[in-house]
Amino acid sequence: MSRISRPLVTTLSTLALAAAGLTVTTGSAHAASCSQSYLPLPDPVCTPGALNPDVTQDTLDSTICVSGWTATVRPSTSYTNALKKKQIAEYGYSDTSLSDYEEDHFVPLELGGAPKSEENLWPEPHYGDGTSSEKDSVENKLKKAVCAGDVSLDDAQNAIITDWTTALSSLGLS
């Protein structure tokens with residue numbers, strides 16, 4: 001059996017990844033670019049959302065409904081700032097000032113979002129329509145409704161992932 005040279009394998013692998021919309025940098029594949037056209041939502045290909053398997057309808061009373069619980073799972077600022085810098089470039093924002101973005105959990109920690117998953121974190125602008133502070137208000141109302149038993153955890157998570165700007169009205173909470 002013939003052996004394929006390493007440079008040829010590398011070239012073929014890079015071409016295959018490029019065809020799939022990925023690039024190779026420092027040994028790992030990353031999305032080549034993320035679209036801003038979904039704002040105020042993240043690009044669903046780059047940031048589809050991810051859930052924390054420890055948070056379920058059965059564990060609400062020991063997780064998200066416990067005051068201060070999110071602080072126990074929130075990633076460090078050094079982690080989120082490094083990720084924010086990388087993702088600002090991936091989203092192609094012309095404004096690269098870290099302070100103009102919140103490295104936001106698409107599915108919030110308050111609703112059982114995965115704390116450190118890159119699929120659940122994205123650089124959400126503080127400016128424009130549907131700002132990060134507006135999303136925070138929706139998240140807080142959804143958490144209260146889940147903990148009060150007015151809405152199931154799954155329904156709240158699905159409403160956030162579908163469109164946080166309509167999540168409250170879609171669940172009859174606005």
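This is a predicted model: local features need pLDDT of at least 70, side-chain atom pairs count only at pLDDT 80 or more; totals for chains, interfaces and linings use all residues.
**Exercise 1. The chain as a whole**

Task: How many helices and strands does the chain have, and in what order do the elements run?

Solution. 
Step 1. The count is 6 helices and 4 strands.
Step 2. Starting at the N terminus, the order is α-β-β-α-α-β-β-α-α-α.
Step 3. The chain has 174 residues, and 37% of them are buried.
Step 4. Consider contacts between residues at least 6 apart in sequence. Of these, 63% join residues at least 24 apart.

**Exercise 2. Helix α4**

Task: Where around α4 do its buried residues lie, and which elements do they pack against?

Solution. 
Step 1. Check the length. α4 has 16 residues and should span 22 Å at 1.5 Å a residue. Its end C-alpha atoms are 22 Å apart, which agrees.
Step 2. List the buried residues of α4. They are Ser132, Lys135, Val138, Glu139, Leu142, Ala145 and Val146.
Step 3. Find the packing partners. The buried residues of α4 pack against β3, β4, α5 and α6.
Step 4. Look past the end of the helix. Glycine 149 follows α4, and its phi is positive, near 85 degrees.

**Exercise 3. Helix α3**

Task: Which residues of α3 are buried, and which are exposed on the other side?

Solution. 
Step 1. Check the length again. α3 has 15 residues and reaches 20 Å from its first C-alpha to its last. This is close to the 21 Å expected at 1.5 Å a residue.
Step 2. Thr80, Leu83, Lys84, Gln87, Ile88, Glu90 and Tyr91 are the buried residues of α3.
Step 3. Seen down the axis, these residues fall within an arc of 155 degrees, so they line one face of the helix.
Step 4. Ser78, Lys85 and Ala89 are exposed on the other side of α3.
Step 5. Glycine 92 follows α3. Its phi is positive, near 70 degrees.

**Exercise 4. Lysine 86 and its partners**

Task: With which side chains does lysine 86 meet in a salt bridge?

Solution. 
Step 1. Apply the cut-off: a side-chain nitrogen of Lys or Arg must lie within 4 Å of a carboxyl oxygen of Asp or Glu. By this rule there are 4 salt bridges.
Step 2. Lysine 86 meets glutamate 90 in a salt bridge (3.9 Å, N to O). The two are 4 residues apart in helix α3 (residues 77–91), so about one helical turn separates them.
Step 3. Lysine 86 also meets glutamate 118 in a salt bridge (2.7 Å, N to O). This pair links distant parts of the chain, 32 residues apart. Lysine 86 is in helix α3, and glutamate 118 is in the loop between β3 (101–105) and β4 (121–125).
Step 4. Lysine 86 is partly exposed at 25% relative accessible area. Glutamate 118 is partly exposed at 36%. Glutamate 90 is buried at 14%.

**Exercise 5. A buried pair**

Task: Are aspartate 104 and lysine 135 buried or exposed?

Solution. 
Step 1. Aspartate 104 forms a salt bridge with lysine 135, with the closest N and O atoms 2.9 Å apart.
Step 2. Aspartate 104 is in strand β3 and lysine 135 is in helix α4 (residues 132–147), 31 residues apart.
Step 3. The cut-off for buried is under 20% relative accessible area. Aspartate 104 is at 3% and counts as buried. Lysine 135 is at 0% and counts as buried.
Step 4. Return to the shared partners. Salt bridges join Lys86, Glu90 and Glu118 into one network.

Definitions and conventions:
Residues are numbered from 1 along each chain as its sequence is written. Side-chain values use heavy atoms; hydrogens and water are left out. Buried means under 20% relative accessible area, exposed over 50%, partly exposed in between (1.4 Å probe, protein chains only). The expected span of a helix is 1.5 Å times one less than its number of residues. The arc is that of the directions from the helix axis to the C-beta atoms. Contact means heavy atoms within 4.5 Å.
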